[in-house]
Amino acid sequence: MGDRFSLEELFLDGYVGKSPAWGPLGYFTFKRTYARPLGDGNTEEFWQTCRRVVEGVYSTQKRHCEGLNLPWSDSRAQKSAQEMYERMWQFKWLPPGRGLWAMGTKALDKIGGACLNNCAFVSTENLSNSNFSDPFLFLMDMSMLGVGVGSDTRGAGRVIIRTPDYSHEDYVVEDSREGWVALVRTVLEALAGSEFLPYKIDYSQIRAKGEELKTFGGKSSGYEPLKNLVDSLIELLLPKDDIPYSLTSELIVDIFNLIGKCVVSGGIRRTAEIMLGFPEDHSFLSLKDDQEKLMSHRWASNNSVFAHVGMDYSKLSEMIGTGSDVGMFWLDTAQQFSRLKDYPDNKDTLVRGVNPCGEQSLESYELCCLVETFPANHETEEDYLRTIKYAYLYAKSVTLIPTHNPRTNAVMMRNRRIGCSQSGIVQAMSKFGRAKYLGMCDNGYNWIQQLDKIYSDWLCVPRSKKTTSVKPSGTVSLLAGSTPGIHYPHSEYYIRNVRVNDMSPLLPRVREAGFPVEKDSYADNTYVVSFPIHEKNFERSKDEVTIWEQMYNASSLQKYWADNQVSITVTFKAAEVKEIKRTLECFQDGLKSVSFLMSDPSVIYPQAPYIAISKEKYDDIASKVSDLNLTDLSTHDTDDEFCDGDSCEIKYGD
């Protein structure tokens, strides 16, 4: 066994063949998204996933301690690991989607810890003609591992693009992630004058579309997305009439967006992008006004601006009110403050940006690891504090695993940044009351600081620069029957529609169980499965909550819980457009990041992800369904690998 930690078989016997207290939607989502193939034609059941995750966490700790000749006790670890397992089984905490899929797998030995980290940021501020490709390659490399990446336009004006010299030797592309990245490096450096541009590129070594990708799962997209990327980059950047020119903010975003488009082409991988620009940069603010380029590639990133307290929000508010998806990140506040309840500590002065969903402030080349807790799935504050310990241990353990990128390791090993998050926040407010719940947040945050001192001292690593955030969540929250992050439920009773490939073995089972299934009206070879949901701890739907209350909730969590950020997309109705500027002025010193989305409750799209229904309709559908049996199937259809927020995801062709 060596440095491998294992849970006792007698303990696991109590879970074999059993299911946790989830509904059919949670079970379906797990089998579709997170259950790994077992090699016998089946995929994991939840007890096996819990085992893999927990054993992976404690094996990581054990290897770290034994590698540094630090104290380690198998008996103490066994007791701790069993409680971590039990609390994961009870949906009191969960790793992020990436952790559910990759923690405890052999892939970590091959590709390092990047595949366990949710998101990243890389700045272009140090761009020059000698290192032109660096930030773009970082994004491509990490995106191909499913990591969501943010960047900025600081590099505008720092690089001169020239007509390249050509090499007449054939360039043979290696069939690997590294091979794809190496080709893009050659192309970009050639356009900056540091390399020769290949006259002929040989893509024949790249495996055919649909072939298996063994290391991290999924199937090959073939060579076409890479060829299209290279052709697009050359067309985008090649100087007209051989006249050199200076790189613009618009071109920086286009390069990142074209790479993102390549990574997700064919639906093979998923990732996320955010681009940060400056509010006075009109070309950045108007990037998505060009419909042709928007349809081509500019859909590939959410765009936000570096905001500052005291600025004039008139232009941004007007853009938001007319449908722009521009968000805001208050960099100075993120650098100066941890929680906004506390005095400025200036511990993050090296921060340069934010991850695609906005919950983690990051230095350039830094990754972030998140973990999720569900306070509403507890009955007492004491029990929730107990859960926080194990969520913290998961995230801290991930920081012990180096990535394949030395530049990233140099930042991450110094900062050990983590993001202990919460979902079901509005459910917890309803269950415990706002004052009691915020007190739990305050006490929970202070408890994490104590834990971080204890375990950092034991592991002989630096204390984490920051420790808490609120991520938007996504399908992970469906497993726990939780509302995502800080957001309100759609309604008390609703249909949750989930899309699945027409060849999926899940389809016959959901039909047998009586769940409504119909062909997708928008996509070929796809069906929509409808799950009836009754929201627990329900008070109000998202359409009944004002823009002011949403902003106040975010500022409260930024005050009492998150020393990183609160990720929130504030929804507003047409009648609230005039309130946007005033809410920004009122809450600008209580937030670090925010985005907005117009909502029209009167518009109901066919087969939308959420559709409100009456109690009578819910009862009718629920009475016709039976227990869902998804055992003995190879069911993994799709990956959920990055920030876990649907609004952050690059969706090909949107």
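In this predicted model, Val603 is found in the loop that runs between strands β21 (593–598) and β22 (610–612). With a relative accessibility of 39%, Val603 counts as partly exposed, and together with Tyr522 and Tyr605 it makes a nonpolar surface patch of about 360 Å². The loop between β21 and β22 is also the place of Gln607, a residue that has a positive phi of about 60 degrees although it is not a glycine. Gln607 is buried, because its relative accessible area is 6%, which falls under the 20% limit used for that class.

A positive phi is also found at Asn537, where the angle is near 50 degrees and the residue is again not a glycine. Asn537 lies in the loop between β19 (526–534) and α21 (547–560), and at 31% relative accessibility it counts as partly exposed. As background to both cases, most residues other than glycine have a negative phi.

Turning to the charged side chains, a search of the whole structure finds 41 salt bridges. In one of them, the side chains of Arg207 and Asp175 meet with an N to O distance of 2.9 Å. Arg207 lies in the loop between β8 (201–202) and α9 (224–237), whereas Asp175 lies in the loop between β6 (171–172) and α8 (177–191), so this pair ties together parts that are 32 residues apart in sequence. Arg207 is partly exposed, with a relative accessible area of 25%, and Asp175 is likewise partly exposed, at 26%.

Another salt bridge joins the side chains of Arg185 and Glu195, at 2.8 Å from N to O. Since Arg185 belongs to helix α8 and Glu195 to the loop between α8 and β7 (196–198), the pair ties together parts that are 10 residues apart in sequence. Arg185 is partly exposed at 35% relative accessible area, and Glu195 counts as partly exposed at 29%.

In the salt bridge between Asp342 and Arg339, the closest N and O atoms are 3.1 Å apart. Asp342 counts as partly exposed, with 28% relative accessibility, whereas Arg339 counts as buried, with 2%. Salt bridges that share partners also join Glu83, Arg87, Lys92, Asp383 and Arg386 into one network.

Note on methods: Residues are numbered from 1 along each chain as its sequence is written. This is a predicted model: local features need pLDDT of at least 70, side-chain atom pairs count only at pLDDT 80 or more; totals for chains, interfaces and linings use all residues. Side-chain values use heavy atoms; hydrogens and water are left out. Patches are made of residues with over 30% relative accessible area and no salt bridge: like charges are joined within 9 Å, nonpolar side chains (Val, Leu, Ile, Met, Phe, Trp, Tyr) within 5 Å. Accessible areas come from the Shrake-Rupley method with a 1.4 Å probe; for residues, only the protein chains shown count as cover. A salt bridge is a side-chain nitrogen of Lys or Arg within 4 Å of a carboxyl oxygen of Asp or Glu. Helices (H or I, at least four residues) and strands (E, at least two) are DSSP runs, numbered from the N terminus. Buried means under 20% relative accessible area, exposed over 50%, partly exposed in between (1.4 Å probe, protein chains only).
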